[in-house]
Amino acid sequence: MPKMSIMLLVMLVLSQPAFGQAPSGKRPPSVASAHTIDSEALGKTVPFHVYLPPSYDSNDARRYPVIYWLHGTNGNSARGGAMIGGLLDRLMKAGRMPEAIVAFPDGLKTSMWVDSADGAVPMERFIVDEFVPMIDAQYRTVATAKGRMIEGGSMGGYGSARLGLKYPDIFGAVSMLSAGPLQPVLDPENAPIVGRDHATRMINEVYGGDLDYFSAQSPWHLATTLPDDQRDDLRLRMIVG
């Protein structure tokens, strides 16, 4: 079976809408099926989508690596399932990438894939304690770090970076596509892409207005505090532009 450092080079061709943010034209039919999970952490029913590879139904003895794909700001799992799922489906059927399950959790538009400072939206806890175990329980996965890759764009790239660096025992490969924000300290006055108002709102709503809390969640901080014995097996990829 191919190693889980799948590193989807085809993602180079994806445009910003593919990060699950703003739809561009008519959404293509989804190859990912829609589901829900009752989350105790979030206190609500949360949607998610799953793509199953071409041979999944015909080979019931085979287990598959999983790509966890995190959408960008104001996106959702449905857009990711349609756009990313459709692309990967074509690649797998053409033999251009290994077959894999692709799981699309829903980040509730602006969660930043982090536990909010006030505890109201524990998105990190949902992913780690509920979503990943549920995928392993319901599907024939390779249920080890080497069988899991986490990837995303924009906000999803930030989420992938921090979750992958914080939990190398869960995710063996991390791929960040135009990830943000990646500043060690976020300055709303110097946020040219999202703008000052959006950056300020994000700091207040997710990080409780506490820049120290923001810095503690930063992928930069997590990278510098990652123990040496956990670095060797973790594969990282970053694409900017």
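Gly-152 sits in strand β5, which covers residues 148–153. Helices and strands here are DSSP runs, H or I of at least four residues for helices and E of at least two for strands, numbered from the N terminus.

Before going on, a note on the basis: this is a predicted model, where local features need pLDDT of at least 70, side-chain atom pairs count only at pLDDT 80 or more, and totals for chains, interfaces and linings use all residues. Residues are numbered from 1 along each chain as its sequence is written, and side-chain values use heavy atoms, with hydrogens and water left out.

Back to the glycine. Is Gly-152 buried or exposed? Gly-152 counts as buried because its relative accessibility is 0%. The terms are: buried, under 20% relative accessible area; exposed, over 50%; partly exposed, in between, with a 1.4 Å probe and protein chains only. Setting aside neighbours within four places in sequence, Gly-152 is in contact with Trp-69, Leu-70, Gly-157, Ser-160, Ser-175, Met-176 and Leu-177; contact means heavy atoms within 4.5 Å. Ile-67 is 85 residues from Gly-152 in sequence, with a C-alpha to C-alpha distance of 9.9 Å.

The next glycine, Gly-159, belongs to helix α3, residues 155–166. With 0% relative accessibility, Gly-159 counts as buried. Beyond its neighbours within four places in sequence, Gly-159 has contacts with Leu-70, Met-112 and Trp-113. Leu-70 was also on the list for Gly-152. Between Gly-159 and Gly-107 there are 9.6 Å from C-alpha to C-alpha, and the two are 52 residues apart in sequence.

Now the strand pairing. Strands β1 (residues 33–39) and β2 (residues 44–51) run antiparallel and are joined by seven bridges; two strands pair if DSSP finds at least two bridges between them. What else does β2 pair with? Strand β4, residues 101–105, pairs with β2 in the antiparallel sense over four bridges. There, Phe-48 has Pro-105 in β4 as its bridge partner.

Last, back to β5, where Arg-148 is placed. Arg-148 has a relative accessible area of 8%, so Arg-148 is buried. A polar atom of the Arg-148 side chain lies 2.9 Å from the backbone oxygen of Ile-170.

Key: A polar contact is a pair of N or O atoms within 3.5 Å; within protein, one must be able to donate a hydrogen and the other to accept it, and residues adjacent in sequence count only if both atoms are side-chain atoms.
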